[in-house]
Amino acid sequence: QVQLVESGGGLVQAGDSLRLSCAASGRTFSTYTMGWFRQAPGKEREFVATIKYSDSSTYYADFVKGRFTISRDNAKNTVYLQMNSLKPEDTAVYYCAAKQFGSGSSYPQHYPYWGQGTQVTVSS
């Protein structure tokens, strides 16, 4: 019954920043590990970042580490992705996903709940 809605995408220039948000339904948000993934046309869906439910520890894909930050606000049932120093290769549809309990995971098949996605386009 978990529903996720992403927002905050848009068109920016290389070097700019964006903050994506993912609002989750329900009152048990704090028990879910959350993840961000992205998919460009003709490409496989790839892992971006995850934040655990238990201690809010985080893990990032190598290609975004140092530029992106994942965080959560349990009172607002919302997870965020702060994206800095954006590059044209970051252009993709960005999805948030949720899995109940457990450790963080970089595999999409481990996340049963997904949002509709939000488009991020970075021009050179």
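Author: Two strands pair if DSSP finds at least two bridges between them, strands themselves being DSSP runs (E, at least two residues) numbered from the N terminus. This is a predicted model, in which local features need pLDDT of at least 70 and side-chain atom pairs count only at pLDDT 80 or more, while totals for chains, interfaces and linings use all residues. Residues are numbered from 1 along each chain as its sequence is written, and side-chain values use heavy atoms, with hydrogens and water left out.

Strand 1 and strand 3 pair in the antiparallel sense over four bridges, and Ser 7 stands opposite Ser 21 in strand 3. Both strands belong to an open, antiparallel sheet of four strands in the order 1-3-8-7. Strand 1 (4-7) and strand 7 stand at its edges with a single partner strand each, so one side of each is left without a neighbour in the sheet.

Strand 3 also carries Cys 22, which forms a disulfide (sulfur atoms within 2.5 Å) with Cys 96, the two sulfur atoms lying 1.9 Å apart. Because Cys 22 lies in strand 3 and Cys 96 in strand 9, the pair ties together parts that are 74 residues apart in sequence. The link of Cys 22 and Cys 96 is right-handed, with 50 degrees about the S-S bond, and a search of the whole structure finds one disulfide.
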